[in-house]
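Subject: Structure handover

Hello,

Here is the structure I promised to pass on. Please open it first, then read the notes below.

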Amino acid sequence: MTRQLIEQAADIIAGSRLTLALTGAGISVESGIPDFRSAGGLWSRYDPEEYATINAFRSDPRKVWNMLREMDQVVNRARPNKAHLAMGELEAIGCLHGIITQNIDNLHQAGGSRNVIEYHGNASTLSCLWCGRKYTAEEKRDEAPPTCQCRNVLKPDVIFFGEAIPEEAMRRSYELASSAEALLVVGTSAVVSPVNTIPSIARGNSAKIIEINMERTHLTDSLTDIFLQGSAGEIMPLIVEAVKEKKQSS
Ligand code: APR
């Protein structure tokens, strides 16, 4: 990683009045949670058409819970990694004003971030699609699959393909993205909509786009201003240290 790119990214963040982050599964890989589309990712073992759409869940919830249970065990063991902690620190020094995450693992909050918008919901609560009762994933962890007292199989409060994005998450994300001066895009292939419109909304406001990823994405050569290739856990702390130095010397 060239020092120069880190310094350029830190200059943008230190000088930005509203900095936003958009994160995806890649930021949690170093916490032991596989992403979806890298080699060996979750979708290479489970066809999303059969396991990740709301119709698949409604038609065979027990089958979908085979995948959900595997994810739940991995997420439940996961702890925030250096990238989550660095983002928490960036928020604490007033240089990160919001995180829009596609992840459902709660690791940004566990890493100290408070202003987190969960665009695809969160796996820590479960709902009954039939009677509307809600439970915590914790209280149902030993049931396979978790079942409501009305005897129907419960659904985690994550957004499946074919479900609407939570209204409040959509509104707050649009509001922040359209006034951001800098956008950190970390660990996402940016292929899923509508969340993948965030970078172009921010760009529409002349925001500078800083992308951190192990590999190039379709954003890299179209919208990204600074591409930092490598792992989020290695790069994010370098950026935060450089921003702190700039804030101290300004
Ligand atoms: N550091 C930085 N980037 C990483 C790392 C890492 N340690 N490990 C993987 N990546 C990158 C990969 O190169 C890839 O570009 O993270 C990205 C992960 O992309 P996806 O697996 O597609 O995950 P994501 O973009 O979050 O998927 C979006 O798709 O299936 C749905 O709802 C699901 O929220 C998810 C959405």
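The domain bounds used here come from an automatic or database domain assignment. The model itself is predicted.

**The two domains**

The assignment gives domain 1 as 3–33 + 79–120 + 165–249. Domain 2 is 34–77 + 139–158.

Now the interface. On the domain 1 side, 12 residues are in contact with 11 residues of domain 2. Together the two domains bury about 930 Å² between them. Carbon and sulfur atoms give 65% of that area. Three residues stand out on the domain 1 side: Ile33, Arg79 and Ile104. They supply 46% of the area that domain 1 buries against domain 2, more than any other three residues.

What about polar links between the domains? The count of salt bridges between domain 1 and domain 2 is 0. For polar contact, the count is 1 residue pair, with both residues at pLDDT 80 or more. The side of domain 1 that touches domain 2 has 6 nonpolar, 4 polar and 2 charged residues.

**The ligand**

Why does the ligand lie between domain 1 and domain 2? Both domains give residues to the shell around the ligand, so it lies between them.

There are 23 residues around the ligand. Phe36, Arg37, Thr188, Ser189 and Asn213 come nearest. Sorted by class, the shell holds 8 nonpolar, 11 polar and 4 charged residues.

- Ser189: 2.6 Å to an N or O atom in the side chain.
- Ala25: 2.8 Å to a polar backbone atom.
- His120: 3.0 Å to an N or O atom in the side chain.

How much of the ligand does the protein bury? Taken alone, the ligand exposes 730 Å², and the protein buries 94% of that.

Start with Ser189, which is among the nearest residues and has its side chain 2.6 Å from a ligand oxygen atom. Then turn to Ile33, Arg79 and Ile104 on the domain 1 side of the interface.

Best wishes

Definitions and conventions:
Residues are numbered from 1 along each chain as its sequence is written. This is a predicted model: local features need pLDDT of at least 70, side-chain atom pairs count only at pLDDT 80 or more; totals for chains, interfaces and linings use all residues. Side-chain values use heavy atoms; hydrogens and water are left out. A residue is near a molecule or strand if one of its heavy atoms lies within 4 Å of it. A polar contact is a pair of N or O atoms within 3.5 Å; within protein, one must be able to donate a hydrogen and the other to accept it, and residues adjacent in sequence count only if both atoms are side-chain atoms. Accessible areas come from the Shrake-Rupley method with a 1.4 Å probe; for residues, only the protein chains shown count as cover. Ala, Val, Leu, Ile, Met, Phe, Trp, Tyr, Cys and Pro count as nonpolar, Asp, Glu, Lys and Arg as charged, and the others, Gly among them, as polar. Contact means heavy atoms within 4.5 Å. Buried area is the accessible area (1.4 Å probe) that two parts lose on being put together, summed over both. A salt bridge is a side-chain nitrogen of Lys or Arg within 4 Å of a carboxyl oxygen of Asp or Glu.
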